[in-house]
Amino acid sequence: MSAAPTGSRVTQRTVLAIAVPIVISNLSTPLLGIADTAVMGRLGDPKYIGAVAIGALIFTLVYWTFGFLRMGTTGLTAQALGANDGAEIRAALGRALLIAGAVGSALILAQWPIREIAFALLDGGPEVEPLARTYFDIRIWSAPWALANYALVGWFIGLGRAKVALVLQVFLNLVNIFFNIVLALGLGWGVAGIAAGTLIAEVCAAALGLAVAARHLRFYPGQWTRARLLDAAQLARTIAVNRDIMIRTVVLMLSFAWFTAKSAEAGPLTLAVNSILLQFVTVSAFFLDGFALAAEALVGRAVGARHRADFDRAVRLSTLWAAGIALLLSFGIFAAGGAAIDFLSIDDGVRATARVYLLWAAALPVLSVWCYQLDGIFIGATRGAEMRNAALASSLLFLGLWWLFLPFGNHGLWAALAGFNLMRAASLGFYLPRLRRAI
């Protein structure tokens, strides 16, 4: 077996072969949160649920700050595949794993300030915080393995092996659920059992991923050497791409955190309503991300091969699928949103108020699909600087729209969020012709 031939045709089938496993993988992820909540719920005190929720939130924020290990690795690997450069395919994984190990070890060493800053910002109360600290103190030791999983999943997606990424994600979730039940309930470890179960699952998933990667590496010539892994030009490129994607990710996270903070300032009713409606947006993203990731892999391959026709087909086909799915999602939210709201809340006030703002949640898949797709295109092309600039400009516009629409209350807040995603698409779309000409 060798790398995919340069200029290989991009078809509907190649798009779906990547997108569908990613969608399934994304949809499997919420099962873990449901299982954790169910396990903690059997302990008979809501403080256990709250402790796991706060602890998991901290790691979601910390780890996703380094999400460039998934995104950057996908683009760099796909480009090496398109260029039929087996040695660089190997090196892309090696460099990503080195970064994962270094960053993960740094997080372990810096756990005290991270923990203190996190709990200063997230006040769980005297009953919840000690338990959440226990969760943190255990799970932090998984940092190198969790980040290695990001690198491995990104590498497999870059190779177009989305089914392997799906297997790794499902394996992680199943192992996690199993050990959470055994340790938290069976052995009575409670919150510590949930943290230990997650730690074990992340180590096991990384070990499986490394074993599968070793089998795939046999099909590409060469070996990992210090000179290749630490090649100055390639290392500088990797760091530059990852740095810009990291800045972009942090800026986007802060923008969504601002939306949540302003929802909370508006009162518990508005916070509850917006939290429910954001669940619809999140589920929609699970579907749309699959096609954005297909764009990442196929665009990266076309850029590496310097094959503009494949680039055009990758952009067109993945976007057509994404747009069609977005329309279905928007229609589904509009049609079934009321019933879903009633399922998620029994409070009459929340139910009635959520229906007032349901149209915003229904519109967002259609309004946001373009920025998701463009993110995938630019990640595949490893154009981190353009993504960074677009994120900064979009966030500034978001703050401006929020201020401008203050008189409209929660409608204004949702309008600002919609404008934020449209600006992300417009700003990246501005760079798209330049990117195409460079191929």
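A salt bridge here is a side-chain nitrogen of Lys or Arg within 4 Å of a carboxyl oxygen of Asp or Glu. Keep that cut-off in mind as you open this predicted model, where local features need pLDDT of at least 70, side-chain atom pairs count only at pLDDT 80 or more, and totals for chains, interfaces and linings use all residues. Residues are numbered from 1 along each chain as its sequence is written, and side-chain values use heavy atoms, leaving out hydrogens and water.

**Stop 1: a pair across the chain**

Select R70 and E296. Their side chains form a salt bridge, with the closest N and O atoms 2.6 Å apart. R70 sits in helix α3 and E296 in helix α12, so this pair links distant parts of the chain, 226 residues apart; helices are DSSP runs of H or I with at least four residues, numbered from the N terminus. Are these two partners buried or exposed? R70 is buried at 12% relative accessible area, and E296 is buried at 3%. (Buried means under 20%, exposed over 50% and partly exposed in between, with a 1.4 Å probe and protein chains only.) The whole structure holds 16 salt bridges.

**Stop 2**

Next, pick R115 and D137, whose closest N and O atoms are 2.9 Å apart in a salt bridge. R115 belongs to helix α5 (residues 111-121) and D137 to helix α6 (residues 125-139), so the pair ties together parts that are 22 residues apart in sequence. R115 is buried, at 12%, while D137 is partly exposed, at 32%.

**Stop 3: two loops with positive phi**

Most residues other than glycine have a negative phi. Select N84, in the loop between α3 (68-82) and α4 (86-109): its phi is positive, near 60 degrees. N84 is partly exposed, with a relative accessible area of 44%. Then move to R306, in the loop between α12 and α13, where phi is about 55 degrees, again positive in a residue that is not a glycine. R306 is exposed, at 58%.

**Stop 4: the second largest pocket**

Select Q279, F280, V283, G332, I333, A336, G337, A340 and L344, the lining of the second largest pocket. (On a 1 Å grid over the protein atoms alone, a pocket is an open set of points where a 1.4 Å probe fits, with protein on both sides within 12 Å along at least five of seven lines; lining residues have an atom within 4 Å of a point.) The pocket holds about 210 Å³ of space, a volume being the space filled by probe spheres set on the points. Which helix gives the largest share of the lining? That is α13, with six residues. Both α12 (268-305) and α13 (308-344) supply at least two. By class, the lining has six nonpolar, three polar and no charged residues, with Gly counted as polar.

**Stop 5: a nonpolar patch**

Finish with F178, V182, L187 and W189, which make a nonpolar surface patch of about 410 Å². (Patch residues have over 30% relative accessible area and no salt bridge, and nonpolar side chains are joined within 5 Å; areas come from the Shrake-Rupley method with a 1.4 Å probe.) V182 lies in helix α8 (residues 162-186) and is partly exposed, at 33%.

Technical notes:
Patches are made of residues with over 30% relative accessible area and no salt bridge: like charges are joined within 9 Å, nonpolar side chains (Val, Leu, Ile, Met, Phe, Trp, Tyr) within 5 Å.
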